[in-house]
Amino acid sequence: MPVAPDLLLDDLDPEQRTAVLSDGAPLCIVAPAGSGKTRVLTRRIARRIREGSADPSHVLVITFTRRAAGELAGRLRMLGPRDAVAAGTFHGLAYRLLRQRWEDQRRRAPALAVSRLRLVEEALGDLRRVPRRGAAQEVAAEIDWARARQVGPSA
């Protein structure tokens, strides 16, 4: 059973309540960790769906981690919208869209790499080098270092 409208606002501070009740679109919530952003987001979605200003099948919630996506989906289920709202990570949702496109075109989806380190180990093996213990981690760390400093492969 969906949560009563007043319960959506009960434990919110004035700024959170303003954000949940705002009709602004888009709306940007900037706040530090632990300040209630997930609470505000889920309550806002639940309120808009309940009031009919959002169609749950057209709501997409994107997060950075699987854990956060799971937390959002779980909270939304407790508030009523259930499975109609799509929630996931940037990468997971993008891959889902690509898989759907490949399926629509009757093409087989490429295999998804399970592990970065396994890819590095395979690349080292393709170079006809016998990777010593820890070599893949070292190479991956160097790749990360170069990428963070925008150093291209030729440099």
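**The largest pocket**

In this predicted model, the largest pocket has a volume of about 910 Å³, where a pocket is an open set of points on a 1 Å grid over the protein atoms alone at which a 1.4 Å probe fits, with protein on both sides within 12 Å along at least five of seven lines, and a volume is the space filled by probe spheres set on points joined across faces, edges and corners. Residues are numbered from 1 along each chain as its sequence is written. Local features need pLDDT of at least 70 and side-chain atom pairs pLDDT 80 or more, while totals for linings use all residues, and side-chain values use heavy atoms, without hydrogens and water.

Select K37, L41, V61, I62 and L72, which lie nearest the centre among the 33 lining residues, lining meaning an atom within 4 Å of a point. Next, colour α3 (37-51), β1 (60-63) and α4 (66-79), each of which supplies at least two lining residues; helices are DSSP runs of H or I with at least four residues and strands runs of E with at least two, numbered from the N terminus. The largest share, eight residues, comes from α3.

**The second largest pocket**

Move on to the second largest pocket, with a volume of about 340 Å³, and select R66, T89, H91, G92 and L112, the closest to its centre of the 13 residues that line it. Here β2 (86-89) and α5 (90-104) each supply at least two lining residues, and α5 gives the most, with six.
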